[in-house]
Amino acid sequence: MSKGEHRHKILWIDDEIDLLKPHILFLNQKGYDVDSASSGTEALDLLAKDSHNWDIIMLDENMPGLSGLETLERLKLIASHLPVIMITKSEEENIMDQAVGNQIADYLIKPVNPRQILSSLKKILHSEQLVTEQAANSYRREFLDISNLISQASTFVEWSEIYRRLTLRSIEFGESAPDLAELLRTQLDEANKGFFRFISRNYLDWIAGQSEDAPILSHKILENFVLPKLNDGKKVVLLLIDNLRLDQWFALRPLILDIFDIERENTCSALLPTATQYCRNAIFSGLLPLDIRKRFPELWVDEDSPESKNLNEEPLLQNWLDSKKLSNLRLKYYKANDSAALQKILKEYNPDSFDLSVVVINFIDILSHSKTDSMMIKELASNDAAYRSLSASWFRHSPIRDLLRKIAVQSSPTSLILTTDHGSVRVTNPVKVIGDRDTNDALRYKVGKNLSFPSKDVFEIKSPTIAGLPSPFLSASYICARPGDYFVYPNNFNHYSSFYQDSYQHGGISLEEMILPVVTLKNKS
């Protein structure tokens, strides 16, 4: 044990404590201080005086007077924060059930040796530290490998793997290892710069169908993931969580795997601009934005319109079904912005009534925008780790989990496909842009004519049609921001720069906005 390191304190409750001196000496040598009590009554008196004097309790189950289980029930009333290791001679299942029901941390069967006890203590008291240390050591070994991948990556699949590895490392040690967390952020910034150059070189070829390495883009999600299931006669539920980043999916994953098994776990690419109007309408129509506007002008809403840009998803989806000769399929479309709307969907949803059910949930998008306006959300989602945690907390307590359980038990085979329209990125660097009064007000992309901007700081689409984008007016062009940048007009530049600093935005180019989960889930067997 290193000098100055905290020594954990154990309260060991056993009527034969004198026989345990060799074990206690061993634990002392390993850095633990052990206090003892020879009965449940003595231990409860000690805990009543100061239950915060110890870090963990070791409790013998078979004692005269108060039994271990009786002691356990009482100490939970006065020291519920303390983890308990129960030690017993009995292997009776009912005793084990009662102990587990009282939320003990571990259960050891006598005879126990000191190493067993040490292992249990490490698992309970040091697991987070040990996991962090192991993840940190693993990342140190992996750092050069990832750097080489970043310098050599030439396909979307390779960039997806880089982002996946960095994301999982970030989740493993988050902010608990500050030096490595900073190193990870630096490497993610390096990857994002490379990804921006990659997209700038390849994106227009993807749209033109001139690249064999093109990823599945937003408008191809239904064709590649939903259509094969429908053609096989399976019912499909498409769950689209707006603005769900890959790291947020990884945070939600354990909660969903309690209910479903994973059949396929893929990534796709959002269209540019990475904004709801373009990406989500493309998903539900199976068309690029330009083609939506040409074929269904009544369903496309221009940038300058005050109308909501996503009111027509259901008719666009019905048109897609018609184009695939699936007009007779029973379709149900739901959209929810809050828990009350989800509760209503949960109440109405009849698992076997529809062939294709679509559920769009806007909560995370609302959360990301709230970070700009709400001081409380700014504090709660102050960094990516906190943003993930907040998203997972919402999901854990949302009616959506009850809806998923309802889907999981329906009688006919059902595929649940979870995806999103785009992600978001934390912005830190304001970039001045000048445009006329017709220019849109988005922060990560602009549509306008005669736009003035630092050319090295954007991906410019001078001819929207070659990018599958509509031109709202003659001579319009699009610009998309680099990772971390956000566009601000010169008027009141300092005010707006400060206002949007460290907020989560979308519309531009970054790993976080463009590399998205598409996950096919199946009922547990």
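A salt bridge, as I use the term here, is a side-chain nitrogen of Lys or Arg within 4 Å of a carboxyl oxygen of Asp or Glu. I keep in mind throughout that this is a predicted model.

**Entry 1, salt bridges.** I looked up R330 and D355 and found that their side chains meet in a salt bridge, at 3.3 Å from N to O. R330 lies in the loop between α13 and β8, and D355 in the loop between α14 and β9, so this pair ties together parts that are 25 residues apart in sequence. I noted that R330 is partly exposed at 38% relative accessibility, whereas D355 is buried at 15%.

I then turned to E142 and R169, whose side chains form a salt bridge at 2.7 Å, N to O. Here the pair ties together parts 27 residues apart in sequence, because E142 lies in helix α6 and R169 in helix α7. Buried means under 20% relative accessible area, and E142 is buried with 12%, while R169 counts as buried at 13%.

A search of the whole structure gave me 30 salt bridges, and I also recorded a network of them that links D242, R280, E313, K335 and D421.

**Entry 2, the sheet.** I traced an open sheet of 5 strands in the order β2-β1-β3-β4-β5, with parallel pairing. Its edge strands are β2 (32-37) and β5 (106-109), each of which pairs on one side only. Within the sheet, I found that β1 and β3 pair over 4 bridges, with I13 standing opposite L59 in β3. Helix α1 (residues 21-29) packs on the sheet, where it touches β1 and β2, and helix α3 (residues 68-78) likewise packs on the sheet, touching β3 and β4.

How values were computed. Residues numbered from 1 in each chain as written. Predicted model: local features only at pLDDT ≥ 70, side-chain atom pairs only at ≥ 80, totals over all residues. Heavy atoms only, no water. Pairing = 2+ DSSP bridges. Contact = heavy atoms within 4.5 Å. Axes fitted to C-alpha atoms, helices over the stretch in contact; angles between N-to-C directions. Buried < 20%, exposed > 50% of the residue type's maximum accessible area, 1.4 Å probe, protein only.
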